[in-house]
Amino acid sequence: MGDIGYYGILLAGFFSLYAGVASFWGGKLRSPELIASSRSAAYVVTVLTTIAVLALEYILLTDNFSFAGVATTSNRSLPFAYKGAALWGGQANSLLFWVWLLTIFSAVVHYQNREKNRPLMPFVTTVIMGTALFFYILLIFSDNPFWILSPAPPDGRGLNPLLQDPAMVIHPPMLYLGYIAWTIPFAFAIAALVTGRLGDEWIRTTRRWSLAAWCFLGVGNLLGAWWAYRELGWGGYWGWDPVENVSILPWITGTAFLHSVMLQEKKGMLKVWNLVLIMMTFTLSIFGTFIVRSGVISSVHAFAQSNLGFFFLVYLGVVIGVSLGLLFWRLDKLQSANTLDSFLSRESTFLVNNLILVGAAFSIWWGTVFPLISEAITGTRVTVGPPFFNRVNVPIGISLLLLLGVGPVIAWRKASAKHLKKHFMKPILIGFIAGMVLFALGVRHFYALLALSLGAFVLTTIVGEFYRGTRARQRTSEEGAAQALVNLTRKNKRRYGGYIVHLGIVAIFAGIAASSAFQVQKEVTLRPGEMASLGDYWLQYQDAGERSEARFQTVFTNVSLRRNGMEIEHMLPARRLYRNPETPTTEVAIRSTLKEDVYILLGSVNEDGSATFRFFLNPLVSWIWIGGLIFVLGTIIIVLPEPQRRRSPAPRVPEKVVR
Amino acid sequence: MTVLLIALMGLGGLAAVLYPLRRHYEKDESWEFRLQLQELVATKETLYSTLKELDFDRVSGKLSEEDFRQLEARYRARAIEVLKAIDALKEEAPEDDEELAIAIEREILALRTKLEAPPPPSQPEADPEPSCPGCGCPIRTADNFCPHCGADLTPPSK
C-alpha cells in the first residue's frame, strides 16, 4: 500500500508538471486541444493524490510503523480518531495533506469553469499546478511519509499529548483550507495579469473562494485560540507566538482585500492595490507554512538542518518575483477608471480600513521576523513579545472598531452631512452612556473603556442599519417587520451578511478587551477543606486522588466552586503524565458563563496533602467563541446563492468538438 | 499486484491526458464576441445593483434627494454606454451564430426596458423635517396648510 502511495506522489508530480506547462502553451497558442489535455492532467493529479492520501490513511490506521509518516506521528495506544487525524500531523504527512486539498480545489475550479473564463483558465491551471508541483518536489526530495525505515520500529513516536484534543483535530485542516483556498483567487489574479484581462472578471469569479478562504482562516485561528485556552493552561488564548502570528497575517490582508475589491467592482478603482493585496495574502499563506515547517522559529540554525526551508525560500522568491514582474509589466493597463465621488463616503472609510489593516499586518510580520533577522545578523536572538504586539495592535484594533461603526452608516459614493448627523447622534449617545456606566461601575482601564464604549456604538449603528432597512422595506412593500427583515437580508446578502460578520467581530473585540483588562488571577496553596476567594466566588479544595489509564496517569483534585455560601459547581482540575511520549500536561477545569469564566489550574499536589492552584477569573471570554459563531453565520449568509433572481443567464462559451 | 496497480495509475493518467490531443476542436469564430458580451452583461449587472443600492440608500434616508438624482443620472449614463456597446457587438458579431444573436437581442431588450422605466418617484417622507414648498418653514406631515404662510399643502388629486 505504501508503494502505491509513493508512486501516486511521483506520478502526480509528473502530471502536475505536464499540466502546468501544457496549459501555459495552450493558453499562449490558443490551442483547445492542449488546454483540454492539461485540464485532464489536472483531474488526473487530483485522482493520484487522493490515492496517495488513502494509502497513507490505510498505513496509519493499520499501525504500519515501517513508514516514516506513521512512525513519527502515531503509536499503537493512540485512539482511532487521532490515528486518522495523524494525516495532518507531522511534517511529511501535512505536506501531502496540503497538496491534496489544493488538488481537490483545483478539480472544483476546473469543473466550475469548464464553460466559463476560457481566456483565463489555462493560466489559472498553470499557477495551481505550479503550486502543487512545488509541494510534490518537497515530498519527493525533502520529506515523504512513504519513506521506509529500516529496521522498522516496534512502535511509533506517538502524537504530542497536547495535540490530542478535539479542537486540534479540526484546527489544522481549517487553517490549511484557508491557506490553500487563497491559491484560487491568486491564480486568477495572475491569469488576469498574463492575459491583460484586468477588469473585475477575476474578482467576481473568485469572490466565493476568497470569502471561503477568509472564513476558514478566521475559524482556524479561533479554534487555535480555543485549544490554547483549554489545553496550554496559562489562562489566556493568544500569546503572539510566531505560529499564531503567521496564521493571522493572511487573514488580516485577506480582510483588507475583501473590502477593497468592492471598490474595484463598484467604481473600477484600486486595481493595482487589489492585485498587491491578493499577492500579499497568498505569499503570506506560503510564508506561514514556511515559518512553521522550516524550523526557523526555534532557531535560524534549525533552518539548515533540512533542505525544506531552502525550497520554501526559493519558491517564495519565485512567487514574489513573478507576481511583481507581471504587475509592473501591466502597470499602464491598470489605471483607475474613477475617483472618489466624495470624501464623506463609504469608499473613503474602506481606504482607511485598508491602510490600518495593512499597517497591522506589517507590524505583526515585523515583530515575527525581527528576532530571526537579528539572530541571523548578530548571532543573538532578540525576543519580541506580547508587550510590543499589544502596544502596536491595541490602538490599531480600536481604530478598526471605530470604522466598523462609521462605515455602515455612511452611504456609498456620497453621504450628506445632515443625514450623517442624524444617523450618528443615537449611536454616539449610546456609546457615551455605555462608557459613563462602565466608568461609574469602576472601570478605569483606558483601552478597555474605549473598546467597550465603541462596541456599544458599533452595535447601535448595526442594529440601526437593520431597523432602517426594515422600515424602508416596509414602506415600499406590504410586509410585516419580521418578513421585511428576512427579505431585506435575503435581497442584499452581501451588505447585511457583512453587518452580521461585523457583529461577530464586535463580540470578539468585547471578549478580548474585557478578558485582557480585567483578568483576575491568584496562586494559592490550600490544605484539604481550606478556601480561597476569587471575585464573587469561593473555591474550596476538598481532596486529591489518582487514576491510572492505558495512555496516562492522572492526579486530580476535587474543588468546590461556591457563591453566596452555596456550591454551584464541582470542578476537577488535574495533571496528567502521558506514557508515550512521556509528557506531563495540565487539565484545566473551566466553568464558563456569558459573564465570566472561572479557570482553575492545578500546579501540584504536595506531599503534606496540600495542593497549589492558579485561579483565574476571565470576564466575557465566552463572547470570543460566540463572536466566532456569529462570524461564520454572517459569512454563510454572504456566500449563499442568489434567490431565484430573474437575470438572464450569462452567455456560455463552450468548446465545440467536431470529432 | 502492486506493480500492476501502479502501472494502471500511470497508464490511465496518460490515456486521460492524451485523449483530448487526438480530438479536433472546431474553430469558434464568435467566442471573442461571446466573451465581450459576458463582460458587458457583468458590467450591466453591477450597474443594476448600484442603481438599486442608490435607491435603497435614498429610501432609508442615507442619501439626500439631490445627491440621489445626480448620482442616478451618472450611473444611468453608464448603463446607456453599455447598451451602445452591446448594440455595436450586434453589428460586428458573425451572422451565422444564432445563439449569440439571440443572447445579444435579449440583453438589448432587457437594458432598454430598464432604462426606459420612469425614475423612482421622489420620497418626501424620507426627509425627517418636511418643509413648506412656499416659504421653506418647517411643517408637520399632517398639516394641510402651512402654519406660517398659509400655502395649501394637500397633495394634488390624481
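This is a predicted model: local features need pLDDT of at least 70, side-chain atom pairs count only at pLDDT 80 or more; totals for chains, interfaces and linings use all residues.

Reader: Which residues are exposed on the other side of helix 4 of chain B?

Author: They are B:Glu98, B:Ile102, B:Glu105, B:Leu109, B:Thr113 and B:Glu116. Residues are numbered from 1 along each chain as its sequence is written, and chains are lettered from A and ligands numbered from 1 in the order in which they are written.

Reader: Which residues of helix 4 of chain B are buried?

Author: An α-helix has 3.6 residues a turn, so residues three or four places apart point the same way. In helix 4 of chain B, the buried residues are B:Leu100, B:Ala103, B:Ile104, B:Glu107 and B:Leu111. Seen down the helix axis, these buried residues fall within an arc of 100° (taken from the directions from the axis to the C-beta atoms), so they line one face of helix 4 of chain B.

Reader: What do the buried residues of helix 4 of chain B pack against?

Author: They pack against helix 2 (31-59) and helix 3 (65-92) of chain B. Helices here are DSSP runs of H or I with at least four residues, and strands are runs of E with at least two, numbered from the N terminus. Chain B has four helices and zero strands, and buried residues make up 21% of its 158 residues.

Reader: How is a sheet read, and what is the strand order in chain A?

Author: Two strands pair if DSSP finds at least two bridges between them. In chain A, four strands form an open sheet in the order 1-10-9-8, with antiparallel pairing. Its edge strands, strand 1 (520-526) and strand 8 (589-592) of chain A, each pair on one side only.

Reader: How many bridges join strand 9 and strand 10 of chain A?

Author: Strand 9 (residues 596-605) and strand 10 (residues 611-619) of chain A pair over nine bridges in the antiparallel sense. As one instance, A:Ile600 has A:Phe615 in strand 10 of chain A as its bridge partner.

Reader: Why is A:Tyr467 classed as partly exposed?

Author: A:Tyr467 is partly exposed because 14 other C-beta atoms lie within 10 Å. A:Tyr467 is placed in helix 16 (residues 446-476) of chain A.

Terms used: A residue is buried if 20 or more other C-beta atoms lie within 10 Å of its own, exposed if 12 or fewer, and partly exposed in between; C-beta atoms are placed from the backbone. Two residues are in contact if their C-beta atoms, placed from the backbone, lie within 7 Å.
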